[in-house]
Amino acid sequence: MKALPSQPEVCYSQSELVRRGRELARDADVVTFDLFDTLLVRRTHNPDLVKLPVARYISNLSRAAGREFHWRRVQELRDAREKAMRAHTGETHADHEACYPDFMAEVLAEIFGDDAGDALLQKVTDYELAIENAMLVPRAGIGDWLKELAAAGKRVIVLSDIYLPAAHLERLLDHAGILPHVEKVYSSADSFLAKASGLAYAMVAEREGLDPARWLHVGDNPISDGFRPLEHGIRPLLLQDSEEFRRRAIAARHYFYSLKRPFWRGRAIQQLMAPLEAENVPRSPRYREGYNFLGPVIAMYLHLVAERCRERNIRKLYFLSREGWMFQQVWEKITPLLYPEGNLPETEYLYVSRQALAGASCAFQGMSEDRANIVFLPAGNRCFRDVCRVFSLDPEAMAPHLARHGLEIDTVLSPAHEGFEIDNRRAFEELLRDPDYQDAVRAASAHAKAALQKYLESVGFFDQADVALVDVGWLGTIQRFLHAAIAHRDDRPNLHGLLLGASRGIPFLTTNDNAIEGLVYDREKFDFAASAILYARDLFEEACRAPYPTLNAYELDESGAHRLVFRQMDDAIGQGEQAQDRHYADLQQGVLDAADRFAAASGIITQRTVGYRPWINYLLVSKLAFAKRREINALRHLHHLDDFYGSGTPRRRRRPKLLHNPWEVRGLRQIVGCLTAGWQFRKHLRTMINH
Amino acid sequence: MANGDDRPVLTRHFDLAGNGVGRTLRHWVRIKTSIMGNYDTGPGLRCLLTLVVLHRFGRPLFRLRTWLNNQYAFKARVRRLLRRPGG
């Protein structure tokens, strides 16, 4: 190897380091790498932040064990024990090193007393390493170069000055996909000989029989990885990556602002969630919106759901089909790291739909006025035939009841259609008060009700006193129908609807055993910014929708067992749904990938939902009310199936609308809609205040 | 398959694609000039401007800072100069 320089050679970027490293490695038999900030980088600016979720975890475990320890106290105790251990090591060694299993065992013994043991230490260690793994990213260029070196037959060794022993570092390297290419891992926690004093180099040289003249060391610390190897005759190559320093400075700013201003908490979480290095490959516009917009909103919503369930001690959580499909997947990704101690409700996917429940909902109470009115909310429904379609009734069988009130099956009952007369609507209301008609409805719905009860019993729906229902929301129609279908049972649970948005277009009759709450938007709470979600309701429905057909009905087979009947997918609507699934596949993948990284990031920034609100509001207003045209065009769905929407064509407005919601139109009207977004948002405010 | 619209989720300015600091700054102007709803404390102009500098103009600044940090001989000379009595 050439003569050593007087001071370490510095590279200012990863690519520069790899280029220079390849040149120098030609004369080397062994290449040693520093681990943190060289081979792996942390998403956070400060490695100590990873300790905070662990302190909260230990605090929660202590609470469960009846030994209340606030997480700050746990953190102080850990810092004190680590400091004491470093001081103690310093008495016998040149380096003041600490070893995680030793000081953490002392911390746990002090908190848990006799209950502390190896199993508890293992649990805490697993959680700490899981958080570390979530926060660590392998540097793409250096990782590839390392693999190249190993393939070329060079000896590749990893050296690190850290409190984690080599066995733990191997788990981190394994997760990063680097371990198979590394010959050996050395940590100062095992030997208390660190690179900082240079003694680690002498120790490794002796153990591995290395010749310093044919040894290249790569690291980022000017002393430990620069001057110390030089003193031992080893050629150092230092990485001082200015872009990496900038990334960390940006992460630090977001973190510190999030402490002072709640607005930045959500943004700081997103900064820590962001893909880095090889993860950050080019993605489609829909994937990016899924990752940077819908993913965080949905993950924050489900974090709020988890908090509500814990506050109300709800032990069972049902994700309602079909939007619940996405919610359940996100839930399963975020909760293990957000709540490692458990204490969360058991979850289940519940097959429901408005169409399938509407019929069953009439079997006990008959057809109530509020449920009948829901039929005429979509402008496509015009007459009693649509009522029959929604509630799965035979129109011809109901014709005599209609005739008693002067109505026919095709009499227009919706004000949105030509031929509407208010007297007909009054006659329809009289029909709803007609006991004979209601008896006929009950009789016709008995079969669907029986099948539904069997299905609900099979999923243990009646086993709990309180159940939470997670759905995208709006009117709470599914819960309304579900409650009506089980209202006659004494063992019915209290239904807590925890919806993404509650628009309450038709008032929801809240009772002790049946309530809904919109966690992102609730009309009852007048959150104007959050009401921007109403600009593009279909976006949330389609983004969360499961890629299989909707449920049409519950049926009983010959043996009396329940059977779920799904919609056929071979017609034009079914084909349209499949095309929509393909169209949103990228978007859904973005949401799921974001959920993977949300929990660890949230655990580091806050671990509580305090401060989510302003960032969710900002995302909704900025991305929906003030969306750019290209974002709307990328995000807008191709097909949307509304199982309640009939085939009628509503009459045209007398005065054409000048300004349109840009999410609902295309072409010139969309351009005008985007240009007048501010004016339209103020109009939206007036609508909100007036209703 | 990649196409022309494909971009990374995190931009080269370490900002969120499609939701960068410029968009937040524009929204701050809206918050200050119109009714936009509840944002708690809001982003704050000083925070926003700092982030604009870091995201948009941080590259040369950090390159210079990093380079200066590693000029050991230069730093040692400056340190000696500062330590000299009357220096």
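The domain assignment, which is automatic or taken from a database, divides chain A into domain 1 (47-132) and domain 2 (654-691). The C-alpha centres of domain 1 of chain A and domain 2 of chain A are 56 Å apart. The model is predicted, with local features requiring pLDDT of at least 70, side-chain atom pairs counted only at pLDDT 80 or more, and totals for chains, interfaces and linings drawn from all residues. Residues are numbered from 1 along each chain as its sequence is written, while chains are lettered from A and ligands numbered from 1 in the order in which they are written.

Chain A contains 28 helices and 15 strands, these being DSSP runs numbered from the N terminus (helices: H or I, at least four residues; strands: E, at least two). Its C-alpha atoms fill a box of roughly 105 × 65 × 50 Å along the principal axes. Of the 691 residues of chain A, 47% are buried; a residue is termed buried if 20 or more other C-beta atoms lie within 10 Å of its own, exposed if 12 or fewer, and partly exposed in between, with C-beta atoms placed from the backbone. Among contacts in chain A (C-beta atoms, placed from the backbone, within 7 Å) between residues at least 6 apart in sequence, 76% join residues at least 24 apart.

Beyond its neighbours within four places in sequence, A:Ala532 is in contact with A:Leu620, A:Val621, A:Leu624 and A:Ala625.

At the interface, 44 residues of chain A are in contact with 38 residues of chain B. Elements that each supply at least two residues of the side of chain A that touches chain B include helix H11 (242-260), helix H25 (612-625) and helix H28 (677-690) of chain A. H11(A) gives the largest share of that side, 8 residues.

The buried residues of H1(B) are B:Val21, B:Thr24 and B:Trp28. They cover an arc of only 50° around the axis and therefore lie on the same side of H1(B), the arc being that of the directions from the helix axis to the C-beta atoms. B:Val29 and B:Thr33 are exposed on the other side of H1(B). Helix H2 (45-69) of chain B is included in what covers the buried residues of H1(B).

In chain A, helix H9 (residues 199-208) has A:Ala200, A:Tyr201 and A:Val204 as its buried residues. These cover an arc of only 100° around the axis, which puts them on the same side of H9(A). Their cover includes strand S5 (155-160), strand S6 (184-187), helix H8 (188-191) and helix H10 (222-231) of chain A. A:Gly209, whose phi is positive, near 65°, follows H9(A).

Key. Contact = placed C-beta atoms within 7 Å.
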